[in-house]
Amino acid sequence: MNQSAAANSPAMQDAQIRVELLSHPTYISGVRELVSSICRRIGFPELCCGQMALAVDEALCNVMKHGYEGREDQPIAIGMQIHEDKGGNDHSFIRIVIEDRAKQVDPKTICGRDLQDVRPGGLGVHMIREIMDDAVYEKREGGGMRLIMSKKNPSQGSSCGLPDAGGGKNHG
Amino acid sequence: MADGTLQVGFETQGSAVVISPQGEIGYSEATVFRTWLRKAHDAKSPRLVVDLSKVDYMNTPGVATLVESLQIAKKAKTRLILCGMNEKVFAIFKIARLDTVFEITPTAADAIAKA
């Protein structure tokens, strides 16, 4: 990697875990497993761990496809701040920051498409916003974009993106 | 981009073409999956069954290939049926509000048996 995506980024300062990768899709699965593993460790429900991993997967796909336009050698940085509830009154949560050096876009233009309009593509941002409690895009100082996402442990109040999943095997 | 390592079974059962992807359908594998779906449409069978029982994981690029396939199916008057989704895969369709757009059955046998 020629340059770090997250060098001295203030948004990364509170992250206990920091990962840097190149914008190659092969590396997405490893990040996904890391995210789901951490969520599981701090007590998130199993289905929600998978959805947290999906949200990060979607964010990385968007950076690689739209931000870097398929270039596979560009820097992406991920920071994870974890607060684990150890029986007190506060709640477990995870805050995930993804930074890149891709082209900057107006954060207001980053929105999911109308779901009534059934067509391929445009679902990634919708997924992220549905799964996470908060998802904020912003321009990075010095170039690139930043996505800050957070999620409280849904077993302690917040939803997990799908209020009534049921499971595919029950649907026919 | 990498091509991924998706394996896809392809067979004809009666009037249905059944394709059975195996593994993960992520960003890389969606391209491979799309190729197989188009091959299935080329068979011009009245029914196309996509058996997802061996798919551990799917993200929205994978879902997009199925939406594209649904559009092709509608134009060709082919009945597209998805089956065998695990809970995680079904959750994606649920969040995207696509669980009511697709015809979904629990198993491939159910899909093949459908009139």
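## Extent of the interface

In this predicted model, the contact between the two chains draws on 38 residues of chain A and 33 residues of chain B. The size of an interface is often given as the accessible area lost when the parts come together. For chain B and chain A, the buried area is about 2900 Å², and carbon and sulfur atoms give 67% of that area.

## Polar and charged pairs

Five residue pairs, both members at pLDDT 80 or more, are in polar contact between chain B and chain A. Two salt bridges are found across the interface. One of them joins Arg32(A) to Glu24(B), with 2.6 Å between the closest N and O atoms.

## The chain B side

On the side of chain B that touches chain A, the elements giving two or more residues are strand E4 (55–58), helix H2, helix H3 (87–95) and strand E6 (103–105). The residues on this side comprise 19 nonpolar, seven polar and seven charged.

## Thr60(B) in helix H2

Helix H2 of chain B spans residues 60–76, and Thr60(B) belongs to this helix. When neighbours within four places in sequence are set aside, the contacts of Thr60(B) are Glu58(A), Leu123(A), Gly124(A) and Met127(A).

Is Thr60(B) buried or exposed? Its relative accessible area is 8%. Because the limit for a buried residue is under 20%, Thr60(B) counts as buried.

Conventions
Residues numbered from 1 in each chain as written. Chains lettered and ligands numbered in written order. Predicted model: local features only at pLDDT ≥ 70, side-chain atom pairs only at ≥ 80, totals over all residues. Heavy atoms only, no water. Helix = DSSP H or I, 4+ residues; strand = E, 2+ residues; numbered from the N terminus. Buried < 20%, exposed > 50% of the residue type's maximum accessible area, 1.4 Å probe, protein only. Contact = heavy atoms within 4.5 Å. Buried area = accessible area lost by both parts, 1.4 Å probe. Salt bridge = Lys/Arg side-chain N within 4 Å of Asp/Glu carboxyl O. Polar contact = N/O pair within 3.5 Å; in protein donor to acceptor, adjacent residues only side chain to side chain. Nonpolar A, V, L, I, M, F, W, Y, C, P; charged D, E, K, R; others polar.
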